[in-house]
Amino acid sequence: TTIAAIKLLGMDYRFNTSFYYDGEIKAGTLNGNIYIKGGGDPTIYLETMYTIAKKIKKYGINNINGNIYGDESFFDTDYYPIGWNKAEDGEPYLALISALSFNFNAIDFSVVPTEKNKVTVSTDPPIPTIKIINQIKASPTEKTWITIKHSFTNNKDTYLLEGTYNTKHKPRTYYFTVKAPSTFFLNSLKGYLKSVGVYLHGALEMKKVPDNASLLFEHKSKELSQILRDMNKYSSNFIANQLVKTIAATTLKKPGTFKEGADLIFDYFAKNKFKTEGIKIIDGSGLSYDNRMTTQFIAELLEFAYNDLRIYPEIVYSLSIMGVDGSVKKWDLRDEHYGRVRVKTGTLAKAVSLSGYTQLKDGKEVVFAMIFNNFNCCIYKIREIEKKIIQSLLNP
């Protein structure tokens, strides 16, 4: 996904979220509506939304006597690709994909024990429109375990938190995905607008931007090269999947779909003479159980990037450094090998992968790729095998 995104979108590509309005702004009041056209930006976080709210206020708007509409037509509304394990629904690594997305389309639940042997639950971002049912029992002796159940009816989210929390433990954060990403975006924006002194007196709804609406401002993400670093360092499935639909929408000039984005990625590699036999691309993250990949193909990709100076610096910069940062920060190496292994990890219940670059003692750089499937041991043991393989490369 990284290589295809660089080649098909460009390293300087920026996601664009456009804010429009109709009516008239007079004496601090917009007598009209605001429209938000999503562009698939996966990097609108808490601080970003606060900045957006302040920018709306900066345009002289303190009250909105109208509605705020969300336009998610940059993508289709198929939030899931085929092959995802919906039994794991709600897990943050299975966040739904939408043209209007916020905070990785997940809510952070902060669970905090109090001095009165009770447990409080709050969310980040704070969203007044969701309902939280806190049935967590506080205990000074029992183990901590928390489950989160979700229901979505009448366009409203309800979260039920159950379990036991050991009051000797420090506060913990749990993550759960939202079911209606665009609605989540709008509800969050409403809350941030209120926090900066902008009040909405209408409703939140979904609607395409009308032709007669005027542009208020555009919010642009940082460049793709920087976003890819975040994606690979921390194995962000969400960013990878947003990119697949973005490739389709940008290339085909119509609502982006998983299938069309995946097909464009596959076609790019097929046209560049990669061995695509047995390869099947469904999503950008590799989470679909219908994906098919080979170590030969991955190794060829890495070699292809290494031989192209236009993309290699960005690729290697985006990978985790074993023992230093990202998803392999805790993978210890001997001091003489410090910083010499750059990798991307992949993990499913019955599939684990590791690929990247390393530099041998003689200075030679090599690519490596490994995939483990259908194993009957815990993932930890597979990771130990991967470490031993890396050690054998470094110490032949």
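Helix 5 supplies the largest share of the lining of the second largest pocket, 3 residues. The model is predicted: local features need pLDDT of at least 70 and side-chain atom pairs count only at pLDDT 80 or more, whereas totals for chains, interfaces and linings use all residues. Residues are numbered from 1 along each chain as its sequence is written, and side-chain values use heavy atoms, with hydrogens and water left out. Helices (H or I, at least four residues) and strands (E, at least two) are DSSP runs numbered from the N terminus.

**Pockets**

- The second largest pocket has a volume of about 420 Å³, a volume being the space filled by probe spheres set on grid points that are joined across faces, edges and corners.
- A pocket is an open set of points on a 1 Å grid over the protein atoms alone, where a 1.4 Å probe fits, with protein on both sides within 12 Å along at least five of seven lines; lining residues have an atom within 4 Å of a point.
- Of the 17 residues that line the second largest pocket, Pro-92, Asn-103, Phe-104, Ser-236 and Phe-238 lie nearest its centre.
- Strand 7 (106-113) and helix 5 are the elements that give two or more residues to this lining.
- The lining of the second largest pocket comprises 10 nonpolar, 4 polar and 3 charged residues; Ala, Val, Leu, Ile, Met, Phe, Trp, Tyr, Cys and Pro count as nonpolar, Asp, Glu, Lys and Arg as charged, and the others, Gly among them, as polar.
- The largest pocket holds about 1,500 Å³ of space.
- The largest pocket is lined by 48 residues, and Ser-285, Gly-286, Met-293, Gly-346 and Ser-353 are the closest to its centre.
- Strand 17 (residues 341-348) contributes the largest share of the lining of the largest pocket, 5 residues.
- By class, the lining of the largest pocket has 22 nonpolar, 19 polar and 7 charged residues.

**Helix packing**

- The axes of helix 5 (residues 237-252) and helix 6 (residues 258-271) come within 8 Å and cross at roughly 85°; axes are lines fitted to C-alpha atoms, for helices over the stretch in contact, and angles run from 0 to 180 degrees between N-to-C directions.
- Helix 5 and helix 6 are therefore roughly perpendicular to each other, a term for angles of 65 to 115 degrees.
- Contact (heavy atoms within 4.5 Å) joins residues of helix 5, including Asn-241, Val-244 and Lys-245, to residues of helix 6, including Phe-258, Glu-260 and Gly-261.
- The contact of helix 5 with helix 6 has 8 nonpolar, 3 polar and 2 charged residues.
- Helix 1 (residues 2-9) also packs with helix 6, at an angle of about 90° and with the axes 10 Å apart.
- In this contact, Ile-3, Ala-4, Lys-7 and Leu-8 of helix 1 meet Leu-264, Ile-265, Tyr-268 and Phe-269 of helix 6.
- The residues of the contact of helix 1 with helix 6 divide into 7 nonpolar, no polar and 1 charged.

- An open sheet of 5 strands has mixed pairing and the order 14-6-4-1-15; two strands pair if DSSP finds at least two bridges between them.
- Strand 14 (204-206) and strand 15 (214-220) stand at the edges with a single partner strand each, so one side of each is left without a neighbour in the sheet.
- Strand 1 (residues 16-21) pairs with strand 15 in the antiparallel sense over 6 bridges, and Ser-18 stands opposite Glu-218 in strand 15.
- Helix 2 (residues 46-58) lies across strand 1, strand 4 (34-37) and strand 15, and runs at about 155° to strand 15.

How values were computed. Angles under 35 degrees count as roughly parallel, over 145 as roughly antiparallel, 65 to 115 as roughly perpendicular and the rest as oblique.
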